[in-house]
Amino acid sequence: AENGSVALEKIKAIKGKGEDVGLCIVDVNMPVMDGITFIGEFRKIDKFTPVLVLTTESEETKIKAGKEAGASGWIVKPFSNQDMVKVVQRLIK
């Protein structure tokens with residue numbers, strides 16, 4: 001989705017059909033609705049689906065805010081394909 005707000009609406013539509021989302025991948029810096037806000041809103045409708053944050057943000061305060069909002073994992077750009085695969089495999093087990 002082009003921003004957090006659109007992503008949330010798409011997820012609500014998926015859930016409204018009785019389907020599930022296997023994994024959410026978000027950035028902290030998104031237009032309209034930032035990633036931390038998105039995670040908090042997403043957690044109101046889905047408490048269990050893993051949410052992975054991909055971002056250039058590595059400040060402890062941002063990471064803490066993400067975890068408090070409900071992020072399942074955090075990976076800082078740039079990252080290798082192998083790093084991404086390892087994190088995704090860990091989250092979807």
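Predicted model: local features only at pLDDT ≥ 70, side-chain atom pairs only at ≥ 80, totals over all residues.
Is Pro78 buried or exposed? Pro78 counts as exposed, because its relative accessibility is 80% and the cut-off for exposed is over 50%.

## Pro78, in a loop

Pro78 sits in a loop. The loop runs between strand β3 (73-76) and helix α4 (81-92).

Pro78 can also be placed relative to Leu23. The two residues are 55 residues apart along the chain. Their C-alpha atoms are separated by 20 Å.

## Thr55, in a strand

Thr55 belongs to strand β2, which covers residues 51-55. Its relative accessible area is 0%, so Thr55 is buried. Pro78, by contrast, is exposed.

What does Thr55 touch, leaving aside residues up to four places away in sequence? The list holds Asp27, Val28 and Asn29, then Trp74, Ile75, Val76 and Lys77. Of these, Trp74, Ile75 and Val76 fall within β3 (73-76).

## Helices α1 and α2

Two packed helices are described by the angle between their axes and the distance between the axes. Helix α1 spans residues 4-16, and helix α2 spans residues 35-45. Their axes come within 10 Å. They cross at roughly 10 degrees. Angles under 35 degrees count as roughly parallel, and α1 and α2 are therefore roughly parallel to each other.

Which residues meet here? From α1 come Gly4, Ala7, Leu8, Ile11, Lys12 and Lys15. From α2 come Phe38, Glu41, Phe42 and Ile45. By class, this contact of α1 with α2 has six nonpolar residues, one polar and three charged.

## Helices α2 and α3

The crossing of α2 and α3 is right-handed.

On the α2 side, the contact is made by Ile36, Ile39, Gly40 and Arg43. On the α3 side, Lys62, Ala65, Gly66 and Ala69 take part. The contact of α2 with α3 divides into four nonpolar, two polar and two charged residues.

## In brief

Pro78 is exposed, while Thr55 is buried.

Technical notes:
Residues numbered from 1 in each chain as written. Heavy atoms only, no water. Helix = DSSP H or I, 4+ residues; strand = E, 2+ residues; numbered from the N terminus. Buried < 20%, exposed > 50% of the residue type's maximum accessible area, 1.4 Å probe, protein only. Contact = heavy atoms within 4.5 Å. Axes fitted to C-alpha atoms, helices over the stretch in contact; angles between N-to-C directions. Parallel < 35°, antiparallel > 145°, perpendicular 65-115°, else oblique. Nonpolar A, V, L, I, M, F, W, Y, C, P; charged D, E, K, R; others polar. Left-handed = near helix turned anticlockwise from the far one by under 90°.
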